[in-house]
Amino acid sequence: MSAPAVLDVEHIIDRNGVGRLQRRVLLICFGVLIVDGIDTTMSGYLGPALIADWGIPKAALGPVVTSGLVGLALGSLIAGPLADRFGRRRVIMCSLIFFGLFSAASALASGVASFSALRVLTGIGLGASMPNAATLVAEYAPRARRGVMMTFMYCGFTLGAAVGGYLTSFLVVSVSWRAALVAGGVLPIVFAGVVFLALPESPKFLARRGGHDGELAGLLNRIEPGCVTGAGRFVLAEDRSGGGAPVRALLSPQFRLGTVTIWVGWLAAFFTVYLMNSWLPILMNDVGFSLIQVATIGFLLQFGGTIGNIGIGFVMDKAGMHRTIIVSTICAGVMLLAIAAAPRTVLAIGASIFVRGMFTNSLAVAFPVLAATFYPTAMRATGTSWATGIARLGAIGGAAAGTVLVAIGLDYKAVFLTLLVPVAIGILAASINSRVHR
């Protein structure tokens, strides 16, 4: 009797192109990030309405802005180990339901304290969904197309953020800020049904877990028809360890320097992105722009980020991840100077913000690609989620720094110039990480 064939799951995925199954996974995870983007950016556009409704000063919105980011960090840290144990699909589905329920519940808030507490809980669900969607796409993507697939998926977030600005502004003006929160809660709950019905589990996760040979054979035959024709033993031919205790393994000698530089670089990118996502509506409102003009500038920021996300994926697959990240970070710094020097018109500021978004927002998706490539399957969800969680500290720091900068009376030009500091840190981190890979 002949021995069962040994089937390397990773090799089967890598030797094939992007087929129908991978496109389905990519589009569903793209949708997950659209929903995430809508809800994540909602608080910033609710700010003027909350100030008017509750009669509070701008600086009092600090907890409102940062609370959701605290939840995002907690959700990212918790979700990775859960996904490495129970599966990516299950955690994504539960996180959508969780943050949808608490987003809708935020409409019942009566003040800053209750609103902030509910946004922390909303953020936990948001923080759990994004890194696991990234992990799932990475594990379905052939190596040669991984960068462009992951960055395309992250375009869902910037698209959701752009749509969310208009949606929130429309609902606030035509109904109320509470209606915007209810809408932000219904969407993820509905989309959780799509995940349940149409999103498959990761074949690499199934191979590592064992006991799912029938399901795994079906998935691999959809990727490469006829590759599994009988009894077989599924393996993952990865040359690096990572089993046992994946959280502790992140800082083992084998991974330590790479982990720390990914954390620092991604943290710096998120500091920049979330300071602007959180405070741009209020800063532009202070310039004298109307709510619709503010939403247009916010849309240009996210639209530029979407184009940058698509472009950086292609460039990373061709020119290499580290070189692309370093050059993009330098360009982001140049655009911060350009925005500070631009005339105070919607056209000038909007055009500068658009180009800035192309570089800065794309950096926030380049580091997840780096993380998903750096870690093996046994710790990939944990590594990506913990990197996301640490990066969320940069998001919290950016939002909190915006609170301080607004409170001391700095205008938008001075705020943009302060962002040159995290840009420099990001360049240094990416440069060191490139040496780790070499």
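Asp 14 is partly exposed, with a relative accessible area of 26%; here buried means under 20%, exposed over 50% and partly exposed in between, computed with a 1.4 Å probe and protein chains only. The structure is a predicted model, in which local features need pLDDT of at least 70 and side-chain atom pairs count only at pLDDT 80 or more, while totals for chains, interfaces and linings use all residues. Residues are numbered from 1 along each chain as its sequence is written, and side-chain values use heavy atoms, with hydrogens and water left out.

The side chain of Asp 14 meets that of Arg 143 in a salt bridge (3.8 Å, N to O), a term for a side-chain nitrogen of Lys or Arg within 4 Å of a carboxyl oxygen of Asp or Glu. Asp 14 lies in helix H1 and Arg 143 in the loop between H6 and H7, so the pair ties together parts that are 129 residues apart in sequence. Helices are DSSP runs (H or I, at least four residues), numbered from the N terminus. Arg 143 is also partly exposed, at 47% relative accessibility.

Another bridge joins Glu 10 and Lys 204 (3.7 Å, N to O). Glu 10 belongs to helix H1 (residues 9–14) and Lys 204 to helix H9 (residues 203–209), so this pair connects parts 194 residues apart in sequence. Both Glu 10 and Lys 204 are buried. Together, Glu 10, Asp 14, Arg 143 and Lys 204 are linked in a network of salt bridges. The count of salt bridges comes to seven, including one between Asp 84 and Arg 88, with the closest N and O atoms 2.9 Å apart.

On a 1 Å grid over the protein atoms alone, a cavity is a set of points where a 1.4 Å probe fits but cannot get out, and lining residues have an atom within 4 Å of a point. Grid points are joined across faces, edges and corners, and a volume is the space filled by probe spheres set on the points. The largest cavity has a volume of about 180 Å³. Of its 16 lining residues, the closest to its centre are Thr 40, Ser 43, Val 65, Leu 69 and Ser 278. The largest share of this lining, five residues, comes from H4.

The second largest cavity holds about 120 Å³ of space. Its lining includes Met 130, Tyr 154 and Asn 361, and H12 gives the most to that lining, with four residues.

Methods: On a 1 Å grid over the protein atoms alone, a cavity is a set of points where a 1.4 Å probe fits but cannot get out, and a pocket is an open set with protein on both sides within 12 Å along at least five of seven lines; lining residues have an atom within 4 Å of a point. Helices (H or I, at least four residues) and strands (E, at least two) are DSSP runs, numbered from the N terminus.
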